[in-house]
Amino acid sequence: MNKSLKVIRIILAALMLLGITALLLDTTGVLRHWLGWMPKVQLLPAMMALNVAVVVAILLVTLVIGRFYCAVVCPMGIFQDLFVWAHKLIFGKKRPYRYRKPANWLRYTVLALFVLAMLVGMNSIAVLIAPYSAYARMVTGLHASGLAQWVAIATLAVIGLMSFTMGRLWCNTICPVGSLLGLLAKHRLFGIRIDAAKCVGCRKCEHGCKAMCIDIDNKTVDHSRCVDCWNCLAQCPVGAISLGGKQPAESTKPVDDSRRKFVAGTVAVGAAMAVQAQEQKLDGGLAALMDKQVPQRKTPLKPFGSQSIKNFGTRCTACQLCVSQCPEKVLRPSSKLESLMQPELNYTDGYCRMACTRCSEVCPAGAIQPISKEEKTAISIGCAVVLKDNCIGCGTCARHCPSAAISMVDGKPAVNEARCLGCGACEYYCPARPMTAIYVEGREIHTEI
């Protein structure tokens with residue numbers, strides 16, 4: 001039975017990891033119809049989207065059996081297991097882990113800083129350590145270029161090295177989701193129980209615990225760090241370990257209630273208020289950029305369905321799922337510190353076609369609300385701006401405008417701001433060099449036409 005539980009857990013985890021990875025790498029958009037639910041059951045995106053059902057379900061499961069989410073649902077947690085297995089393949093045997101005292105000072109400091117960053121509007125910085133977002137950026141960024149690729153490489157190197165050498169150390173020291181769920185898992189109803197009468201002290205369970213939370217000397221388990229891998233259940237040769245009610249020894253240990261209540265309260269407030277973070281203001285100006293580069297936008301362009309820069313900035317977890325799903329490749333991760341890795345529209349190599357709503361269908365955090373094709377044609381995310389000195393009077397922009405917002409007056413384009421959608425067709429097709437003669441300036445709040 002114990003081995004069966006482990007096998008079932010591994011199968012479910014493998015399916016989740018493969019599913020999310022395939023979705024992130026899918027450029028056809030087909031898989032979103034079957035696998036689009038997977039990002040939406042990730043904890044932080046569900047919080048951002050105010051998906052109460054998913055959040056409550058995760059928290060209840062954690063209170064009952066512990067951090068099952070970390071073992072089966074979170075792709076970054078599962079990804080770390082690959083490095084644990086890689087260690088065995090390379091060295092021919094499993095790494096013998098040993099019990100380590102919890103670094104609670106580090107766990108809760110990182111968690112508090114994460115919440116604080118979300119509260120003050122530094123979401124793009126905070127989500128760099130959010131597990132699902134970090135994994136998604138790593139998968140999509142490894143075959144990208146520029147900043148996205150460097151962020152992916154750094155993520156892979158740091159988490160890969162920690163996992164290869166110390167198992168699930170990242171989950172129990174840096175990951176804010178792991179720390180949050182650990183506060184609940186510490187009081188789980190059912191956990192790993194060690195029968196002191198049966199235990200022969202062989203330490204096989206301790207050596208197989210990649211969370212390093214089994215203290216075999218005291219016959220106790222730190223359930224706040226246990227990630228429910230259930231390796232110990234399968235490795236005990238005498239059946240001294242079982243999944244049941246917590247042993248009395250753990251319940252008699254003193255608990256720092258003041259710290260627990262403070263951290264739990266801070267997290268609860270932060271989760272509720274994160275979507276109300278302050279509006280991000282971006283610097284800008286006009287700069288002559290070469291090779292089909294438009295002047296720097298004073299206001300960035302955010303996707304159709306994101307409603308406003310504020311809504312997008314406070315909810316986006318920078319997971320890059322919308323970037324990977326965009327068929328025109330007009331969504332690019334931002335390199336600005338204020339919105340680091342959060343997607344913006346770039347019309348250098350394409351424009352946002354009115355028939356496509358794929359990004360609104362896959363966003364798991366509510367940063368891009370679902371919209372229909374008909375609704376999209378009535379939304380304006382920006383307005384075209386003409387640089388008459390660059391214009392050669394060809395009329396290409398007017399011919400390609402899908403909303404007929406551009407007309408030629410005295411050989412120069414004139415923009416009807418009330419009709420402009422901000423799709424970028426004019427900017428993309430403009431043949432003027434080195435700068436385009438027309439570009440799209442974003443709107444702080446998207447308007448209806």
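Contact means heavy atoms within 4.5 Å. Helices (H or I, at least four residues) and strands (E, at least two) are DSSP runs, numbered from the N terminus.

## Basis of the model

This is a predicted model, in which local features need pLDDT of at least 70, side-chain atom pairs count only at pLDDT 80 or more, and totals for chains, interfaces and linings use all residues. Residues are numbered from 1 along each chain as its sequence is written, and side-chain values use heavy atoms, with hydrogens and water left out.

## Helix α11 and its partners

Two packed helices are described by the angle between their axes and the distance between the axes. Axes are lines fitted to C-alpha atoms, for helices over the stretch in contact, and angles run from 0 to 180 degrees between N-to-C directions. Helix α7 (residues 75-91) packs on helix α11 (residues 147-166) at about 60°, with the axes 8 Å apart. That angle makes α7 oblique to α11; angles under 35 degrees count as roughly parallel, over 145 as roughly antiparallel, 65 to 115 as roughly perpendicular and the rest as oblique. The crossing of α7 and α11 is right-handed. A crossing is left-handed if the near helix is turned anticlockwise from the far one by less than a right angle, and right-handed if clockwise. From α7, M76, F79, Q80, F83, V84, A86, H87, I90 and F91 meet T155, L156, I159, G160, S163 and F164 of α11. This contact has 10 nonpolar, 5 polar and no charged residues (Ala, Val, Leu, Ile, Met, Phe, Trp, Tyr, Cys and Pro count as nonpolar, Asp, Glu, Lys and Arg as charged, and the others, Gly among them, as polar).

Helix α10 also packs on α11, at about 120° with axes 8 Å apart. The angle makes α10 oblique to α11. Their crossing is left-handed. A134, R137, M138 and G141 of α10 touch A148, Q149, V151, A152, T155 and L156 of α11. By class, that contact has 6 nonpolar, 3 polar and 1 charged residues.

## Helices α5 and α12

Helix α5 (residues 52-65) meets helix α12 (residues 176-185) at about 50°, and their axes lie 8 Å apart. So α5 is oblique to α12. The crossing is right-handed. I58, L59, T62 and L63 of α5 make the contact with L181, L184 and A185 of α12. It has 6 nonpolar, 1 polar and no charged residues.

## Pocket and cavities

On a 1 Å grid over the protein atoms alone, a cavity is a set of points where a 1.4 Å probe fits but cannot get out, and a pocket is an open set with protein on both sides within 12 Å along at least five of seven lines; lining residues have an atom within 4 Å of a point. Grid points are joined across faces, edges and corners, and a volume is the space filled by probe spheres set on the points.

The largest pocket has a volume of about 870 Å³. Its lining has 36 residues, with L331, R332, P333, E344 and N346 nearest the centre. The structure also holds 10 cavities of 30 Å³ or more. The second largest cavity has a volume of about 150 Å³.

## Backbone exceptions

Most residues other than glycine have a negative phi, and most peptide bonds are trans. A318, not a glycine, has a positive phi of about 55°. The peptide bond from R433 to P434 is cis, with omega near 0°.
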